[in-house]
Amino acid sequence: MKKKQWIRAAAFLALLAAAFALLSPVFTPKDELGNIQEEPANSLDYLAIGDSECYTSISPMQLWGDYGYVGYNCGLASQRIQDAYYRLKKTLECQTPRLVLLETNMLFRNKGVRQETVTGFDHAFGNLVGLYQYHNTWKSLFRQNRASGKAEWLKGLRYRPDCRPYTGGPYVEKTEKVQPVAAAQRFWLDRILALCRKKHIRLVLYTVPSPLCWSYAKHNGAEAYAKSHGLTLLDLNLQLDKVGIDWSKDTWDRGNHLNFSGAQKLTAYLGQWLREKGWLPDRRGEQAYAAWDREMALYLTGTGGTMQKAGGKGH
Amino acid sequence: MMEKLLKILEDINPDNDYETEEHLIDDGLLDSFAILELVSSLEDAFGVEITPTELVPQNFNSAKAMWAMLGRLQK
Amino acid sequence: MQYVSLLYLLAFLPLVLLAYGLSPQRHRWKLLLAASYIFYGLLSKTLIIYLLFSTISIHELGLWLNACQDGEKERKRRILWYGVFVHIGLLAVLKYSAFFLESLNAVLPLALPVPSFVLPAGISFFTLQAVSYLSDVYHGRIRGDESLGRLALYLAFFPAIVEGPICRYAETAEELYAGRPLTYKNITFGAQRMVWGLFKKLVVADRLNIFVQKIFTHWGQYSGLVVLLGAAAYTLQLYADFSGCIDLTIGTAELFGVRLPENFRQPFFSRTASEFWRRWHITLGTWFKDYIFYPLSLTRPVKALGRKARKTLGRRLGQTVQVLPPLLAVWVCNGLWHGAGWNYLFFGLYYFVLIVFGNLLEPAADRASHLLGLSREGGIWRVFQTVKMAAIVVTGELFFRAEGLAAGFAMFGSIFSGWNRAVLTDGTLLRLGLDACDFGVIAAGTLVMLAVDLLHERGVCLREKLAQTNLPLRWTICLAAVLAVVIFGAYGAGYAPVDPLYAGF
């Protein structure tokens with residue numbers, strides 16, 4: 001190929017890249033991160049990230065009511081840790097939390113080397129080129145914007161009051177087996193850790209009680225990572241009694257996820273644990289957070305107004 | 001003898017000009033049914049046996065090619 | 001790693017192109033071979049052993065055939081039959097044993113264990129290529145290749161291995177081994193063809209899939225016009241998907257200067273069922289013609305049958321009778337090649353009957369057109385033929401896609417028994433997975449496809465025309481095409497990926 005042709009080909013590709021760069025912000029929805037974008041900038045002290053285990057577990061409003069902690073639940077259904085990294089990065093452009101709680105179910109979402117490579121490449125491209133990820137936005141040019149549907153006062157919690165009990169009996173069986181965090185997931189966890197360290201954010205791994213999603217081997221895997229990187233792992237499957245989880249009442253899908261009752265118990269335990277750690281400030285009474293009081297009232301009305309304490313057998 | 005061949009061809013598909021056409025197969029001017037009919041007629045008329053090995057475009061693309069093939073088979 | 005994936009298009013292909021461009025000419029085919037095996041390994045993992053087995057066996061058999069002297073016809077025939085038996089047998093066991101045993105179990109009071117095999121990718125395609133190679137060596141059209149590597153590339157060439165086109169050694173071998181240099185024209189033309197293929201697959205076919213899948217999976221809930229539209233949508237999806245993937249394949253090969261045979265020639269411009277199968281999946285049709293139809297028609301028993309029939313029934317009918325056994329064989333094979341199921345067999349027999357009748361009714365059609373005073377080349381007759389072909393093809397595809405033969409008949413019957421024109425206006429169609437925007441895109445995409453096909457039918461090469469326009473216009477069109485695929489493609493959130501439809505056959 002002649003030199004002129006090389007230049008022409010390169011110029012065309014450059015033009016294509018420019019088109020992608022120009023169109024990506026147009027296609028990226030303004031609310032790509034969800035309701036968290038409604039929060040004032042730099043107002044949150046903690047974030048919880050993870051998949052659906054995360055968004056059914058922590059109730060930020062409850063932590064506000066009991067302890068004055070301000071934060072957000074950024075869980076997303078079936079989220080891959082790769083995408084959690086990019087979302088966290090984008091969120092940290094307008095928020096400066098001191099603590100990030102990472103739910104560990106994402107660490108074990110791995111479909112084999114080949115699939116991970118294909119999907120990983122795909123998602124990496126999508127996270128870099130907004131046009132590719134959000135190309136479907138073209139339809140909204142013709143449609144009215146559908147309501148986001150989730151109330152702001154939930155702060156990212158998925159509210160599920162219904163109950164379908166788990167009847168499988170005790171599931172915590174200690175074993176030496178280890179299901180390690182696979183290389184693909186470790187890669188992204190390392191990057192999340194590096195990002196947190198760079199921004200002076202404490203990273204804590206936590207695991208929501210789930211007979212269907214959890215296994216002792218997975219615990220061992222997460223524990224191994226936590227130990228080797230100096231992180232805390234709060235595995236609530238090993239604190240079921242203290243948290244007070246009752247599998248006949250606290251799950252909405254037979255042991256896959258917690259329901260609202262379970263979330264309340266977990267949040268109460270977590271709040272106490274955080275208070276003992278003393279990492280987060282109590283923001284009650286601060287002028288800047290007056291809106292949280294208003295939203296608390298909505299939250300209590302919206303969720304039936306009962307607040308559960310941890311334990312059930314005493315604190 | 002060539003006239004016999006041309007008459008057989010005209011009978012099967014009168015639309016083609018067999019004196020000049022050189023791409024009867026390549027251009028799809030003779031379809032597979034026509035070809036089979038042609039093979040049967042050629043076998044009967046010239047007393048040869050046309051095997052699948054002979055059924056290649058080079059042998060049937062023009063009347064001349066067919067003539068050459070027949071010449072070969074008659075030996 | 002599929003063809004329609006970012007990893008293949010943005011990582012694998014560019015790397016192979018780079019390596020190819022940097023390789024010296026005599027090693028380029030080896031690079032293509034290595035890339036093909038890496039691709040196949042990533043796709044089918046350990047099942048690569050079948051591909052290896054096929055390659056090695058035809059290599060050996062080809063050399064044995066070479067070694068046969070002129071007089072050893074019997075030995076040659078035995079070698080050929082051995083090779084054919086092994087290859088077709090392997091395919092038969094892997095693909096059809098489950099169906100065969102299930103059917104036996106259903107008919108006889110048996111409970112034979114039904115195996116379930118994972119099919120190696122492309123086995124239906126490379127098996128046919130292997131058999132065509134052996135047959136061509138047997139008939140002396142080509143000599144058996146001494147190089148195992150070159151034969152391996154013929155079977156495994158990565159753009160074509162999953163869905164064809166089914167290549168003949170005599171045509172494609174040269175192309176593959178030539179190691180032609182990368183040229184600006186090959187790369188631009190190839191890339192343009194690839195983008196066109198992606199457009200058809202992602203924008204039109206994959207979008208239609210949502211609609212089609214709903215109707216064919218829950219077929220009991222739909223009737224009348226909805227089923228008809230579902231069948232028509234499937235026909236369009238199949239064409240856009242398969243021809244789109246073939247464009248991607250041929251375009252990819254073109255990047256390397258390799259010319260593969262065409263598989264489609266504007267099939268919806270056909271006037272008869274016979275013609276349709278000369279324009280749709282061309283390489284499959286020619287394979288059946290050359291390796292089943294002609295060989296069978298020219299066997300002594302069939303020729304004798306023909307002679308007797310011509311004597312008793314006259315030339316026309318006699319000719320048709322001679323054609324019946326080999327044609328039946330072709331259509332049974334064609335139907336079943338697509339899948340192990342009664343509906344596929346029905347599909348094959350459906351076209352068998354249509355083609356035979358089409359042939360028989362030729363003189364009647366002539367007379368009818370004379371009586372009506374219409375020219376068979378004229379507009380009115382063409383309209384009639386287009387409508388007739390549409391009805392024929394859509395009906396065939398309905399049975400092809402249906403979840404079994406019984407479902408096919410039920411769906412077909414329901415078109416008439418549950419005719420409900422109201423669905424066109426009462427919004428039902430917008431509740432089947434696609435909204436008005438989607439239908440708009442499908443309509444626009446289909447119109448573009450129709451325009452392109454029309455131009456191709458007139459012999460216009462669009463890429464040549466494009467190359468002749470001025471740079472700003474050309475770049476705008478190319479840019480718009482790529483953006484159209486990226487923006488309007490039916491992929492990503494909310495869409496399930498659709499495997500290329502013919503990859504499953």
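Biologist: From the N terminus on, how do the elements of chain B run?

Modeller: In this predicted model, the order in chain B is α-α-α-α. That makes four helices and zero strands.

Biologist: What radius of gyration does chain B have, and what would a compact globule have?

Modeller: Chain B comes out at 11 Å. A compact globule with 75 residues would be near 11 Å, which agrees. The C-alpha trace of chain B spans about 30 × 25 × 20 Å along its principal axes.

Biologist: How much of chain B is buried?

Modeller: Buried residues account for 29% of the 75 residues. As for contacts in chain B between residues at least 6 apart in sequence, 59% join residues at least 24 apart.

Biologist: On to chain A. How many helices and strands are there?

Modeller: Chain A has eleven helices and five strands.

Biologist: What does the C-alpha trace of chain A span along its principal axes?

Modeller: About 80 × 50 × 35 Å. Of the 315 residues in chain A, 39% are buried. Among its contacts between residues at least 6 apart in sequence, 84% join residues at least 24 apart.

Biologist: How many bridges join strand 1 to strand 3 of chain A?

Modeller: Four, and those two strands also run parallel. Strand 3 is residues 99-103. There, A:Leu102 stands opposite A:Ile49.

Biologist: What do the buried residues of helix 4 of chain A pack against?

Modeller: They pack against strand 1, helix 5 (113-128) and helix 7 (183-198) of chain A. Helix 4 is residues 81-91, and its buried residues include A:Ile81, A:Tyr85, A:Arg87 and A:Leu88. A:Gln82, A:Ala84 and A:Thr91 are buried as well.

Biologist: What about helix 10 of chain A: how many of its residues are buried?

Modeller: 13 of the 18, so helix 10 of chain A is largely enclosed by the rest of the structure. Helix 10 is residues 260-277 and reaches 25 Å from its first C-alpha to its last, close to the 26 Å expected at 1.5 Å a residue.

Biologist: What phi does the residue just after it take?

Modeller: A:Gly278 has a positive phi of about 65°.

Biologist: Changing topic to the assembly. Which chains share the most contacts?

Modeller: Chains A and C, of the two pairs of chains in contact. Chain A and chain B do not touch, and their nearest C-alpha atoms are 34 Å apart.

Biologist: How many residues are in contact between chains C and A?

Modeller: 21 residues of chain C and 20 residues of chain A. On the chain C side, the elements giving two or more residues are helix 1 and helix 20 (471-488). Helix 20 of chain C gives the largest share, seven residues. That side of chain C divides into 16 nonpolar, five polar and no charged residues.

Biologist: And how many for chains C and B?

Modeller: 17 residues of chain C are in contact with 14 residues of chain B. Helix 11 (273-279), helix 12 (282-297) and helix 13 (300-338) of chain C each give two or more residues. The chain C side here has five nonpolar, eight polar and four charged residues.

Biologist: Last one. How is chain C divided into domains?

Modeller: Domain 1 is 6-182, and domain 2 is 186-283 + 354-496. Their C-alpha centres lie 29 Å apart. The contact takes 18 residues from domain 1 of chain C and 16 residues from domain 2 of chain C.

Biologist: Which element gives the largest share on the domain 1 side?

Modeller: Helix 8 of chain C, with four residues. The domain 1 side that touches domain 2 of chain C has twelve nonpolar, two polar and four charged residues.

Terms used
Residues numbered from 1 in each chain as written. Chains lettered and ligands numbered in written order. Predicted model: local features only at pLDDT ≥ 70, side-chain atom pairs only at ≥ 80, totals over all residues. Pairing = 2+ DSSP bridges. Domains from an automatic or database assignment. Contact = placed C-beta atoms within 7 Å. Nonpolar A, V, L, I, M, F, W, Y, C, P; charged D, E, K, R; others polar. Rg over C-alpha atoms; globule rule 2.2 N^0.38 Å. Buried ≥ 20, exposed ≤ 12 C-beta atoms within 10 Å, placed from the backbone. Expected span 1.5 Å × (residues − 1).
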